[in-house]
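Here is a walk through one protein model, in questions and answers. Keep the sequence and the 3D view open as you read.

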Amino acid sequence: MNTMETIQTRRSIRKFRSDPIPEDVLDNIFNAAVWAPSHRNSQPWEFVIIGTETRARLLELYQTVMEPVLSNPDLPEPARKGIMNLKEDFGGAPFMTAIMSRPPQDHLEKMENLPTAAVAVQNMCLAAWEQGIGSVWLSIGGHPAAGEILQVKEGYQVVAVLAMGYPEAIPPAPPRESYKNRLTRLP
Ligand SMILES: Cc1cc2nc3c(=O)[nH]c(=O)nc-3n(C[C@H](O)[C@H](O)[C@H](O)COP(=O)(O)O)c2cc1C
(Lines give C-alpha, C1' and ligand atoms only; values in the text may rest on other atoms or scores of the structure.)
Protein backbone atom coordinates (compact mmCIF):
# COMPACT_ATOMS: atom_id res chain seq x y z
CA MET A 1 0.00 0.00 0.00
CA ASN A 2 1.47 3.38 -0.91
CA THR A 3 1.02 6.41 1.34
CA MET A 4 -2.00 7.81 -0.53
CA GLU A 5 -3.75 4.43 -0.53
CA THR A 6 -3.14 4.05 3.19
CA ILE A 7 -4.50 7.54 3.88
CA GLN A 8 -7.57 7.11 1.70
CA THR A 9 -8.55 3.55 2.61
CA ARG A 10 -8.06 3.90 6.38
CA ARG A 11 -11.41 3.86 8.14
CA SER A 12 -12.42 4.29 11.74
CA ILE A 13 -13.17 0.77 12.91
CA ARG A 14 -15.77 0.17 15.62
CA LYS A 15 -16.03 -3.63 15.57
CA PHE A 16 -12.95 -5.81 15.93
CA ARG A 17 -11.91 -9.45 15.79
CA SER A 18 -10.58 -10.77 19.07
CA ASP A 19 -7.18 -11.87 17.64
CA PRO A 20 -4.42 -10.09 19.54
CA ILE A 21 -2.14 -7.67 17.73
CA PRO A 22 1.33 -9.27 17.45
CA GLU A 23 4.05 -7.54 19.48
CA ASP A 24 6.16 -6.66 16.42
CA VAL A 25 3.15 -4.99 14.80
CA LEU A 26 2.49 -2.96 17.96
CA ASP A 27 6.16 -2.04 18.04
CA ASN A 28 5.89 -0.71 14.47
CA ILE A 29 2.79 1.29 15.40
CA PHE A 30 4.46 3.02 18.38
CA ASN A 31 7.64 3.57 16.36
CA ALA A 32 5.57 5.32 13.69
CA ALA A 33 4.36 7.75 16.36
CA VAL A 34 7.82 8.93 17.35
CA TRP A 35 8.79 9.62 13.74
CA ALA A 36 6.21 12.39 13.58
CA PRO A 37 7.61 15.89 13.20
CA SER A 38 7.73 18.08 16.29
CA HIS A 39 8.84 21.63 17.04
CA ARG A 40 12.58 21.64 17.85
CA ASN A 41 12.23 17.84 17.77
CA SER A 42 10.73 18.14 21.26
CA GLN A 43 8.62 14.94 20.88
CA PRO A 44 5.94 16.12 23.34
CA TRP A 45 4.02 12.83 23.58
CA GLU A 46 3.57 10.07 26.13
CA PHE A 47 1.80 6.74 25.66
CA VAL A 48 -0.26 4.71 28.08
CA ILE A 49 -1.30 1.12 27.48
CA ILE A 50 -4.79 0.65 28.87
CA GLY A 51 -5.15 -2.51 30.99
CA THR A 52 -8.28 -4.45 31.90
CA GLU A 53 -9.25 -2.52 35.05
CA THR A 54 -8.74 0.89 33.51
CA ARG A 55 -10.59 -0.20 30.39
CA ALA A 56 -13.59 -1.34 32.41
CA ARG A 57 -13.81 2.06 34.12
CA LEU A 58 -13.42 3.88 30.82
CA LEU A 59 -16.12 1.74 29.24
CA GLU A 60 -18.51 2.56 32.08
CA LEU A 61 -17.85 6.27 31.48
CA TYR A 62 -18.30 5.84 27.70
CA GLN A 63 -21.63 4.05 28.18
CA THR A 64 -22.86 6.76 30.55
CA VAL A 65 -21.79 9.59 28.24
CA MET A 66 -23.38 7.89 25.22
CA GLU A 67 -26.75 7.27 26.86
CA PRO A 68 -28.20 10.75 26.07
CA VAL A 69 -26.61 10.66 22.60
CA LEU A 70 -28.37 7.39 21.82
CA SER A 71 -31.70 8.66 23.12
CA ASN A 72 -31.71 11.38 20.45
CA PRO A 73 -34.15 10.13 17.79
CA ASP A 74 -32.42 12.30 15.15
CA LEU A 75 -29.08 10.52 15.57
CA PRO A 76 -28.06 9.32 12.08
CA GLU A 77 -28.18 5.53 11.72
CA PRO A 78 -24.47 4.99 10.95
CA ALA A 79 -23.51 6.95 14.08
CA ARG A 80 -25.98 4.94 16.19
CA LYS A 81 -24.57 1.69 14.84
CA GLY A 82 -21.02 2.80 15.62
CA ILE A 83 -21.90 3.75 19.19
CA MET A 84 -23.82 0.50 19.71
CA ASN A 85 -20.74 -1.44 18.61
CA LEU A 86 -18.37 0.57 20.80
CA LYS A 87 -20.71 0.31 23.79
CA GLU A 88 -19.99 -3.42 23.76
CA ASP A 89 -16.50 -3.43 25.24
CA PHE A 90 -15.19 -0.87 22.75
CA GLY A 91 -16.13 -3.06 19.80
CA GLY A 92 -14.13 -5.95 21.24
CA ALA A 93 -10.83 -4.20 20.48
CA PRO A 94 -7.97 -6.38 21.73
CA PHE A 95 -5.76 -3.34 22.42
CA MET A 96 -6.29 0.16 23.74
CA THR A 97 -3.88 2.99 24.24
CA ALA A 98 -4.02 6.65 25.22
CA ILE A 99 -1.73 9.34 23.87
CA MET A 100 -0.96 12.39 26.00
CA SER A 101 0.75 15.66 25.20
CA ARG A 102 3.34 16.84 27.72
CA PRO A 103 2.96 19.99 29.81
CA PRO A 104 3.97 23.08 27.84
CA GLN A 105 7.04 24.97 29.04
CA ASP A 106 6.58 28.12 26.95
CA HIS A 107 4.13 29.88 24.64
CA LEU A 108 5.13 27.88 21.55
CA GLU A 109 4.65 24.58 23.36
CA LYS A 110 1.33 25.82 24.69
CA MET A 111 0.14 26.22 21.12
CA GLU A 112 1.90 23.26 19.58
CA ASN A 113 2.25 20.34 22.00
CA LEU A 114 -1.27 19.11 21.46
CA PRO A 115 -1.34 19.27 17.63
CA THR A 116 2.13 17.72 17.55
CA ALA A 117 0.95 14.76 19.61
CA ALA A 118 -2.08 14.52 17.32
CA VAL A 119 0.27 14.10 14.35
CA ALA A 120 1.86 11.17 16.19
CA VAL A 121 -1.61 9.67 16.69
CA GLN A 122 -2.35 9.86 12.98
CA ASN A 123 1.01 8.21 12.22
CA MET A 124 -0.07 5.36 14.52
CA CYS A 125 -3.44 4.97 12.80
CA LEU A 126 -1.83 4.91 9.36
CA ALA A 127 0.98 2.52 10.35
CA ALA A 128 -1.65 0.28 11.93
CA TRP A 129 -3.84 0.31 8.83
CA GLU A 130 -0.94 -0.50 6.54
CA GLN A 131 -0.41 -3.64 8.65
CA GLY A 132 -4.09 -4.64 8.54
CA ILE A 133 -4.96 -3.16 11.93
CA GLY A 134 -7.98 -0.92 12.32
CA SER A 135 -8.35 1.80 14.92
CA VAL A 136 -10.82 4.33 16.17
CA TRP A 137 -9.86 7.62 17.78
CA LEU A 138 -12.17 8.09 20.77
CA SER A 139 -13.10 11.46 22.24
CA ILE A 140 -13.85 9.92 25.62
CA GLY A 141 -10.27 10.64 26.68
CA GLY A 142 -11.11 14.35 26.75
CA HIS A 143 -13.97 13.92 29.21
CA PRO A 144 -13.11 15.48 32.60
CA ALA A 145 -13.72 12.14 34.36
CA ALA A 146 -11.30 10.33 32.03
CA GLY A 147 -8.33 12.21 33.50
CA GLU A 148 -8.61 10.39 36.80
CA ILE A 149 -9.28 7.02 35.14
CA LEU A 150 -6.25 7.39 32.87
CA GLN A 151 -4.11 8.74 35.75
CA VAL A 152 -3.21 11.82 33.75
CA LYS A 153 -0.36 13.67 35.43
CA GLU A 154 -0.47 17.39 36.20
CA GLY A 155 -0.23 19.51 33.03
CA TYR A 156 -0.55 16.59 30.61
CA GLN A 157 -3.46 16.48 28.19
CA VAL A 158 -5.17 13.44 26.69
CA VAL A 159 -4.96 13.80 22.92
CA ALA A 160 -6.56 10.50 21.96
CA VAL A 161 -7.74 7.18 23.20
CA LEU A 162 -7.31 4.57 20.47
CA ALA A 163 -9.08 1.22 20.31
CA MET A 164 -7.23 -1.08 17.91
CA GLY A 165 -7.41 -4.54 16.39
CA TYR A 166 -8.09 -6.49 13.22
CA PRO A 167 -11.35 -5.16 11.74
CA GLU A 168 -14.47 -7.28 11.97
CA ALA A 169 -16.38 -4.76 9.86
CA ILE A 170 -15.10 -1.92 7.69
CA PRO A 171 -17.67 0.85 7.23
CA PRO A 172 -18.04 2.73 3.95
CA ALA A 173 -15.96 5.88 3.64
CA PRO A 174 -17.83 8.94 4.90
CA PRO A 175 -17.77 11.49 2.08
CA ARG A 176 -15.20 14.28 2.08
CA GLU A 177 -15.73 17.80 0.89
CA SER A 178 -13.19 18.96 -1.68
CA TYR A 179 -10.28 20.91 -0.27
CA LYS A 180 -11.04 23.40 -3.04
CA ASN A 181 -14.04 24.59 -1.01
CA ARG A 182 -11.76 25.33 1.94
CA LEU A 183 -8.97 26.97 0.04
CA THR A 184 -8.01 30.63 0.09
CA ARG A 185 -5.26 31.96 -2.13
CA LEU A 186 -3.38 34.92 -0.74
CA PRO A 187 -1.79 37.47 -3.04
C1 LIG B 1 -10.33 13.91 17.42
C2 LIG B 1 -11.23 12.80 16.95
C3 LIG B 1 -12.18 12.30 17.81
C4 LIG B 1 -13.01 11.26 17.41
N5 LIG B 1 -13.91 10.73 18.31
C6 LIG B 1 -14.65 9.67 17.97
C7 LIG B 1 -15.48 9.04 18.93
O8 LIG B 1 -15.54 9.43 20.10
N9 LIG B 1 -16.23 7.99 18.52
C10 LIG B 1 -16.19 7.51 17.25
O11 LIG B 1 -16.90 6.55 16.96
N12 LIG B 1 -15.39 8.06 16.31
C13 LIG B 1 -14.61 9.12 16.64
N14 LIG B 1 -13.76 9.68 15.72
C15 LIG B 1 -13.69 9.12 14.36
C16 LIG B 1 -14.49 9.99 13.37
O17 LIG B 1 -15.86 9.78 13.59
C18 LIG B 1 -14.09 9.57 11.93
O19 LIG B 1 -12.72 9.83 11.75
C20 LIG B 1 -14.88 10.33 10.87
O21 LIG B 1 -16.25 10.00 10.93
C22 LIG B 1 -14.39 9.98 9.44
O23 LIG B 1 -14.44 8.59 9.22
P24 LIG B 1 -13.13 7.75 8.82
O25 LIG B 1 -12.13 7.91 9.96
O26 LIG B 1 -13.57 6.32 8.69
O27 LIG B 1 -12.60 8.30 7.55
C28 LIG B 1 -12.91 10.72 16.10
C29 LIG B 1 -11.93 11.23 15.23
C30 LIG B 1 -11.08 12.25 15.65
C31 LIG B 1 -10.00 12.75 14.73
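The questions below move from the whole chain to its sheet, then to the ligand and a few loop residues.

Q: How many helices and strands does the protein chain have, and what pattern does the chain follow?
A: This is a predicted model. The protein chain has seven helices and four strands. Read along the sequence, their pattern is α-α-β-α-α-α-β-α-β-α-β.

Q: What radius of gyration does the protein chain have, and what would a compact globule have?
A: The C-alpha atoms fill a box of roughly 45 × 40 × 40 Å along the principal axes. For 187 residues, a compact globule would have a radius of gyration near 16 Å. The protein chain agrees with that, at 17 Å.

Q: What percentage of contacts between residues at least 6 apart in sequence join residues at least 24 apart?
A: Burial first: 28% of the 187 residues count as buried. Now take the contacts between residues at least 6 apart in sequence. Of these, the share joining residues at least 24 apart is 82%.

Q: What is the order of the strands in the open sheet?
A: Start with β2, which runs antiparallel to β1 (residues 45–49) and is joined to it by five bridges. β2 also pairs with β4 (residues 157–165), antiparallel, over seven bridges. β4 and β3 pair in the antiparallel sense over five bridges. The order of the four strands is therefore β1-β2-β4-β3.

Q: Which strands are the edge strands of the sheet?
A: The open sheet has the order β1-β2-β4-β3. An edge strand pairs on one side only. The edge strands are β1 and β3.

Q: By how many degrees are neighbouring strands of the sheet turned against each other on average?
A: The sheet has four strands with antiparallel pairing. Direction is ignored for this angle. The average is 25 degrees.

Q: Which residue of β4 stands opposite leucine 138?
A: Threonine 97 has leucine 162 of β4 as its bridge partner, and phenylalanine 95 stands opposite methionine 164. Methionine 164 is also the bridge partner of serine 135. Opposite leucine 138 stands valine 161.

Q: Why is strand β2 largely enclosed by the rest of the structure?
A: In a regular strand, side chains alternate between the two faces of the sheet. On one side of β2, Phe95, Thr97, Ile99 and Ser101 are buried. β2 is largely enclosed because its buried residues number seven of the seven.

Q: Which helix lies across β1, β2, β3 and β4?
A: This helix covers residues 107–130. It runs at about 5 degrees to β4. It is α6.

Q: Which element supplies the largest share of the shell around the ligand?
A: The ligand is surrounded by residues including Arg11, Gly82, Trp137 and Pro174. The shell divides into six nonpolar, three polar and two charged residues. Both α4 (77–87) and β3 (134–138) supply at least two residues. The largest share, three residues, comes from β3.

Q: Is lysine 15 buried or exposed?
A: Lysine 15 lies in the loop between α1 (3–9) and α2 (23–34). Beyond its sequence neighbours, lysine 15 touches Asn85, Gly91, Gly92, Glu168 and Ala169. A residue with 20 or more other C-beta atoms within 10 Å counts as buried. Lysine 15 has 22 such neighbours, so it is buried.

Q: What is the phi of glutamine 43?
A: Most residues other than glycine have a negative phi. Glutamine 43 sits in the loop between α2 and β1 and is partly exposed. Its phi is positive, near 50 degrees.

Q: Is glutamine 151 buried or exposed?
A: Glutamine 151 lies in the loop between α7 (144–149) and β4. It has a positive phi of about 55 degrees although it is not a glycine. With 10 other C-beta atoms within 10 Å, glutamine 151 is exposed.

Notes:
Residues numbered from 1 in each chain as written. Predicted model: local features only at pLDDT ≥ 70, side-chain atom pairs only at ≥ 80, totals over all residues. Near = placed C-beta within 6 Å. Nonpolar A, V, L, I, M, F, W, Y, C, P; charged D, E, K, R; others polar. Buried ≥ 20, exposed ≤ 12 C-beta atoms within 10 Å, placed from the backbone. Pairing = 2+ DSSP bridges. Rg over C-alpha atoms; globule rule 2.2 N^0.38 Å. Contact = placed C-beta atoms within 7 Å. Axes fitted to C-alpha atoms, helices over the stretch in contact; angles between N-to-C directions. Lists of a residue's contacts leave out its neighbours within four places in sequence.
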